Amino acid sequence: MNLKPIIFCVFVLFETMVFSQNAIISIGSETQDKLKTEQAINVQDEITGNLALILFSNHSIFAYLFDENFNKIAEVKAEKLPNKYQSFIGYHFEGKSLSILMNTTNNRSYGEVNFNFETGLSSNSELDFKLKREQYLSTFNKNNSIYMVTASKKGSQMNIYKFENQFNSPKKTEISIPENTFKDRYGHSVDFEKALSGINTFGSSGIPIRIEKNVPATIEATRNLLKMYETEEGFILTMDVEENLTYLVETDLENPNVKVTKIAQSIPEDSPYKGKSNSFLFNKELFQVAMFPDQMNWQIVNIEDGKMIKQFQVKDTEKITFKNSAIVLNGGSFKDYRALTKTKQFLRKAMKADIGISVLKPNDKYQISFGSVEDKPNPMQVGFAVGGLLGGTLGALTMNFIDYKQTKSVEFTGLFSQDFQHVEGVVSRNIFDRIAYFSKQKKVKAETIFRNKGDYYWGFYNKETDKYEVFKFPERN
């Protein structure tokens with residue numbers, strides 16, 4: 001439930017009791033040569049469980065290594081790469097050595113920074129590796145390796161680069177996608193890269209947003225028309241670049257191949273209006289929503305057999321019978337939030353922005369949110385808030401939280417049983433609500449959010465104490 005924290009005044013006593021404790025990590029500026037922290041990232045070694053907190057200042061990078069219980073192991077200082085390297089896109093642990101991969105805003109040039117926590121030494125270098133005639137899509141870490149996904153601009157082909165010890169020479173795998181897999185509105189075959197750009201699209205596709213498993217994904221993130229979900233074998237890329245269908249591009253990294261599935265959207269035949277649609281993948285179920293000025297349709301489809309599980313429809317003159325929260329308008333210049341009473345109001349507001357659907361299952365019930373999001377103009381947004389260090393592909397939790405605080409949304413949430421019958425109940429607050437409430441009275445900068453052993457952790461540079469602090473938020477509040 002994405003209600004902004006102002007509405008949670010009843011939880012003041014609870015929050016105060018939980019967070020009266022000291023921060024679990026508190027790094028003083030004396031260890032940073034009195035350079036203020038501008039941005040921060042966190043990474044975890046999948047083998048040892050060690051965590052690294054990396055703080056970026058004006059001219060230097062400070063990396064701190066902790067064990068899984070947050071006992072500090074070591075710290076290393078490194079010089080920054082040239083300023084053109086704006087985005088952190090991947091990392092590789094080798095024992096107590098950590099290398100991070102960064103790139104430029106045009107995704108063409110790449111650089112490496114290495115921290116050796118055993119010797120205390122560091123180094124950085126600009127790489128010879130460059131992308132040639134291909135579109136950068138995403139990077140992710142799997143089995144302590146970095147995988148970069150691109151789309152060739154010549155021929156219908158997906159490229160996978162695997163970075164391990166030698167960042168300059170990643171292993172490249174080319175996967176051809178058969179002709180006629182993607183088609184334009186005239187039925188002509190188009191290449192993978194062209195399809196990603198959205199030949200028939202009604203919105204901006206951009207770079208895929210990475211959806212982390214078992215981590216809250218708000219409408220602020222799921223409004224993206226391209227989403228990447230990790231699987232045991234590799235990943236699934238969903239493409240909602242056409243109004244009437246969703247493409248699922250399922251990629252196996254171990255036995256390199258691509259399987260593309262098309263699932264039709266629930267488009268009404270009786271609406272005279274052009275609509276908007278989007279989807280969200282949760283386990284083996286695809287949740288699709290289509291909105292029009294006069295109605296909203298949504299459905300659930302099993303992606304393994306393509307069978308319809310459930311369909312819903314609501315007209316603009318009808319009440320929404322499957323909601324468990326108010327229809328809330330968050331953000332805007334006059335109030336932090338306000339409730340809408342009519343379906344017609346919701347659809348009118350939603351159709352003015354990017355629509356999305358998100359799914360959680362915090363217990364035995366599905367918690368499904370519907371809505372739309374538009375960016376609030378803010379001349380103070382720089383770096384991290386507009387993509388910056390994380391480049392939109394790693395650190396999904398942090399990026400989602402920043403977007404959550406800086407966007408305007410209209411949405412509501414419904415609760416559903418295992419067989420997708422609407423049920424009564426109270427919608428749980430998500431982790432962003434809790435962190436936003438706690439952080440409301442603090443002067444924060446360089447925020448980061450991560451998960452460890454099931455719990456959430458929020459870090460920020462505290463201007464009042466001149467320290468970087470990290471607080472724990474138990475998964476269950």
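1. Start with Ile-211. Beyond its neighbours within four places in sequence, Ile-211 is in contact with Ala-217, Lys-227, Met-228, Tyr-229, Glu-230 and Phe-280. Note that this is a predicted model. Ile-211 belongs to strand β16, which covers residues 209-211. Its relative accessible area is 7%. Ile-211 counts as buried because buried means under 20%. Phe-282 is 71 residues away from Ile-211 along the chain, yet their C-alpha atoms are separated by 10.0 Å.

2. Now the whole chain. There are six helices and 32 strands. Of the 477 residues, 56% count as buried. Take the contacts with a separation of 6 or more: 53% of them involve residues 24 or more positions apart. The accessible surface is about 21000 Å², and carbon and sulfur atoms make up 46% of that.

3. Look next at helix α5, residues 396-406. Is α5 enclosed or open? Nine of its eleven residues are buried, so the helix is largely enclosed by the rest of the structure. Among the buried ones are Leu-397, Met-399, Phe-401 and Ile-402. What do the buried residues of α5 pack against? Their partners include β16, α3 (219-222) and α6 (431-439). Strands β29 (407-416), β30 (444-452) and β31 (455-462) are also partners. Strand β16 is the one that holds Ile-211.

4. The salt bridges deserve a check. The count comes to ten. In one of them, Lys-84 meets Glu-126 at 3.4 Å, N to O. Lys-84 sits in the loop between β5 (72-79) and β6 (85-94), and Glu-126 in strand β9, so the pair ties together parts 42 residues apart in sequence. Lys-84 is partly exposed, at 43% relative accessibility. Glu-126 is also partly exposed, at 43%.

5. Arg-223 and Asp-354 form another bridge, with their closest N and O atoms 3.5 Å apart. Arg-223 is in the loop between α3 and β17 (226-230), while Asp-354 is in strand β27, so this pair ties together parts 131 residues apart in sequence. Arg-223 is buried, at 12% relative accessibility. Asp-354 is partly exposed, at 38%. Elsewhere, salt bridges with shared partners join Arg-210, Glu-212 and Glu-230 into one network. Glu-230 is also one of the contacts of Ile-211.

6. Finish on the surface. Arg-108, Arg-133, Lys-153, Lys-154 and Lys-194 form a positive patch. Lys-154 lies in the loop between β11 (145-152) and β12 (157-163). Is Lys-154 buried or exposed? Lys-154 counts as exposed, at 64% relative accessibility.

Terms used. Residues are numbered from 1 along each chain as its sequence is written. This is a predicted model: local features need pLDDT of at least 70, side-chain atom pairs count only at pLDDT 80 or more; totals for chains, interfaces and linings use all residues. Side-chain values use heavy atoms; hydrogens and water are left out. Helices (H or I, at least four residues) and strands (E, at least two) are DSSP runs, numbered from the N terminus. Buried means under 20% relative accessible area, exposed over 50%, partly exposed in between (1.4 Å probe, protein chains only). Contact means heavy atoms within 4.5 Å. Patches are made of residues with over 30% relative accessible area and no salt bridge: like charges are joined within 9 Å, nonpolar side chains (Val, Leu, Ile, Met, Phe, Trp, Tyr) within 5 Å. Accessible areas come from the Shrake-Rupley method with a 1.4 Å probe; for residues, only the protein chains shown count as cover. A salt bridge is a side-chain nitrogen of Lys or Arg within 4 Å of a carboxyl oxygen of Asp or Glu. Lys and Arg count as positive and Asp and Glu as negative; His and the chain ends are not counted. The place of a charge is taken as NZ of Lys, CZ of Arg, CG of Asp or CD of Glu.
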